[in-house]
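This report covers selected strands, helices, aromatic contacts and backbone features of one protein model. The sequence and the structure come first.

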Amino acid sequence: MNSFLSELRRRNVIRMAGLYLVGAWLLVQVAGTVLPMFAVPEWVARAIVIVLALGFVPALVFSWVFELTPGGLKRDEEVPHGQSIAPQTARRMDRMIVIGLLAVVALFAADRFWLRGERERGSESVSGSGDAVQAKSESPESDSDPLSVPVPIAADSKTIAVLPFSDFSPGGDQQWFADGLSEEILNALTRTPDLRVSARTSSFRYKGSTLGIPKIAAELGVAHVLEGSVRSTPQRIRVTAQLIRAADGFHVWSENYDREVADMIEIQEDLARQIATAMQTSMDPEALADMAQVGTRSVEAYQAYIRGVAKSILQEPADFKLAYELFEQARGLDPTFAGAHARAAAFWLEQLDPTTTLSDLTDLAPLEMGRLFNERIDLAIRHASSEIDRTGYRALKASRDLRLREATRLHRAFFAKRPGDLEAANRLLRGASYASDQAVLTQTLDAIWPQAQRRPEFALAHVTSAYRRLDKRKAADQALVLFQRWPEQRTLLYQIHRALLWDNRVEQAAAVLERWQTLAGDESQWLPIPPARQACAEGRRAEVENALAQLANDDLAPRWHLLTLLGRSADAVELLQPLEREGNTYALAGFLVYPNFDPTPFPSLMQVLEREKIKRPPPLALPYACPPAKPGS
């Protein structure tokens, strides 16, 4: 053994190993720094690493077999012992190894003390910008001018937006499939715990946009963007998808599918798996397979479902009803399709709550709507493709049954597994408000705050609930941060305006309202509420009285809001009494999200709170309520 080691040393094999490893490491580091400057694809750097790894053993074999002599390379056995210059070669190799190690130390020191310092300063400048905005909101100057340039936020590397796919079909009639496929890939990716996915409400705003990928990614606060297209005929379907790194436009991953229409389910599932893998998530292969499951093997059911998904994206009443009919069709084609059951159930849950914007689309009695919901959610629970999905469905059922504590527990469990799921966050925040659980509300708001600064849909979820926390000043400060981050998000401004008024920031709220009014929006029943709040805060009671007179009698929630603004508490209670008489306690419970709502005039709701052992604090007086009416007016 000693003779073999001596021979290795004599032939400089050990030195070759050291020199090769040092040189390879240096080459990889330099390549990793230089190649991106010339827009070289990532696979080139990976190929260099692979080639160097494969070349290690051949280099050692070469060193064993050959010797470098003044006459060139010769086989070792052909060189007489007295003519060998191996010792001189060894000394040169030693010097090269020392130089290489010094270079390694220099690179390490540069990264440790210089480059990392630069990165940290860059990170601090970005993260600190939010603090600067918050500090500004507390300063006197912010009261006079709360508007400023949007705050740039550094995107986490594991963030992605799924843009709506384009339809390149010959007839141009497959946009429903393009939209539905985009939505379902997005939904699958939200099941990846360490991946943050921009919600559809944000990314779908860029449908047909001519903005570049870096600009879109910057506005959405993501590091990666998925875009693609579909081309479909009755017999064949072609899907192209590209995962793009926004910082430099690199195509991290791309794929083309050209298959029969019957393979569309496999296409979606494979797309979701491939994207999650390319994003280097922590999910194992089995978990990736569960994440990507569509939930049906029936192509016909999947087509109906995907059409329904595409319609539900539009968030318009007529499309919402049509989406429900398509989910019903999918349920009929595959009775084990849990996703279709759940989406159909969600339609009825929406109809049962008058505080939502897509309610009141049916004339059915609450009892019948509740029966339809239960039938569908029970099937979703029974056929759920994973235990965590089953937990989410059970949480919805507990919410409908007003088992408030159990619903909060289940929503928390679901959110813990799906922290990037917007609906999970919204439902948990709403459930905590129902249960008057300030601890869970605060914990959840704090948990999603980092995402709220990067993703506008999470910003909306945050500011919609933040004013309910005990610390109104903090809620208003954070609302201003989000306002300066996304000054063009109209729905977000609606909620920011309220958060500011809850902290008596009337002048800042007026600036937000002015911005809100300049942005185009629908003429929904909720439109009069922000101006009415501002008018009350500024003492203009007559304007609110006039707005109330113009509301339709069936605009239940908006009428209730304006009545409470005017201090007409008895009228506000009387407005909701039909819900009590009908036994529609779930609809009444929807008003529990408002801190100024008093449940005591409604016995059925009080029974729920007593059964659940919920101690709801006394209703808060609206800080921006209208001044009392003048006598005789």
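The text below goes from the strands to the helices, then to the nonpolar cores, the aromatic rings and the backbone angles. The model is predicted.

**Strands**

Strand β6 covers residues 224-232, and seven of its nine residues are buried. Strand β7 (residues 236-245) has eight buried residues out of 10, so β7 is largely enclosed by the rest of the structure. β6 and β7 form a hairpin with three residues between them. The two strands pair in the antiparallel sense over nine bridges. Within this pairing, His-224 has Arg-245 of β7 as its bridge partner, and Leu-226 stands opposite Leu-243.

β7 is also joined to strand β8 (residues 251-260), again by nine bridges and in an antiparallel arrangement. Here Arg-236 stands opposite Glu-260. The hairpin of β7 and β8 has five residues between the strands, and Gly-249 takes a positive phi near 80° in this hairpin.

β6 has parallel partners too. Strand β3 (residues 159-162) runs parallel to β6 and is joined to it by three bridges; Ala-161 stands opposite Val-225 of β6. Strand β4 (residues 166-167) is likewise parallel to β6, with two bridges, and Asp-167 has Val-230 in β6 as its bridge partner.

| Strands | Sense | Bridges |
|---|---|---|
| β6 and β7 | antiparallel | nine bridges |
| β7 and β8 | antiparallel | nine bridges |
| β3 and β6 | parallel | three bridges |
| β4 and β6 | parallel | two bridges |

**Helices**

Helix α15 (residues 387-400) has 14 residues, which at 1.5 Å a residue should span 20 Å; the end C-alpha atoms are 20 Å apart, in agreement with that value.

**Nonpolar cores**

The largest nonpolar core has 96 residues, and Ile-496, Leu-576 and Phe-597 have the most contacts inside it. Leaving aside neighbours within four places in sequence, Phe-597 is in contact with Trp-560, Leu-576, Leu-588, Phe-591, Leu-592, Phe-602, Leu-605, Arg-616 and Pro-619. A second, separate core has 39 residues and includes Ala-178, Leu-181, Val-294 and Tyr-302.

**Aromatic rings**

The model has 17 aromatic pairs. One of these is the edge-to-face pair of Trp-560 and Phe-591, with 5.2 Å centre to centre and 65° between the planes. This pair links distant parts of the chain: Trp-560 is in helix α25 (residues 556-565), whereas Phe-591 is in the loop between α27 (585-589) and α28 (603-611), 31 residues apart. Trp-560 has a relative accessible area of 3% and is therefore buried, the cut-off being under 20%. Phe-591, at 0%, is buried by that cut-off too. Trp-560 and Phe-591 belong to one aromatic cluster with Tyr-594, Phe-597 and Phe-602.

Charged ends also sit over tryptophan rings. That of Arg-307 is placed over the ring of Trp-176, 3.9 Å from its centre. That of Lys-472 is placed over the ring of Trp-502, 5.2 Å from its centre.

**Positive phi angles**

Most residues other than glycine have a negative phi. Leu-402 has a positive phi near 60°. Leu-402 lies in the loop between α15 and α16, just after α15. Is Leu-402 buried or exposed? Leu-402 counts as buried, because its relative accessibility is 5% and the cut-off is under 20%.

Lys-613 also has a positive phi, near 55°, and is found in the segment after α28. Lys-613 has a relative accessibility of 64%, which is over 50%, so Lys-613 counts as exposed.

Conventions:
Residues numbered from 1 in each chain as written. Predicted model: local features only at pLDDT ≥ 70, side-chain atom pairs only at ≥ 80, totals over all residues. Heavy atoms only, no water. Phe/Tyr/Trp six-rings, centres within 6.5 Å; stacked < 30°, edge-to-face > 60°. Helix = DSSP H or I, 4+ residues; strand = E, 2+ residues; numbered from the N terminus. Buried < 20%, exposed > 50% of the residue type's maximum accessible area, 1.4 Å probe, protein only. Lys NZ or Arg CZ within 6 Å of the ring centre and 35° of its normal. Expected span 1.5 Å × (residues − 1). Pairing = 2+ DSSP bridges. Core = buried A, V, L, I, M, F, W, Y, C linked by side-chain atoms within 4.5 Å. Contact = heavy atoms within 4.5 Å.
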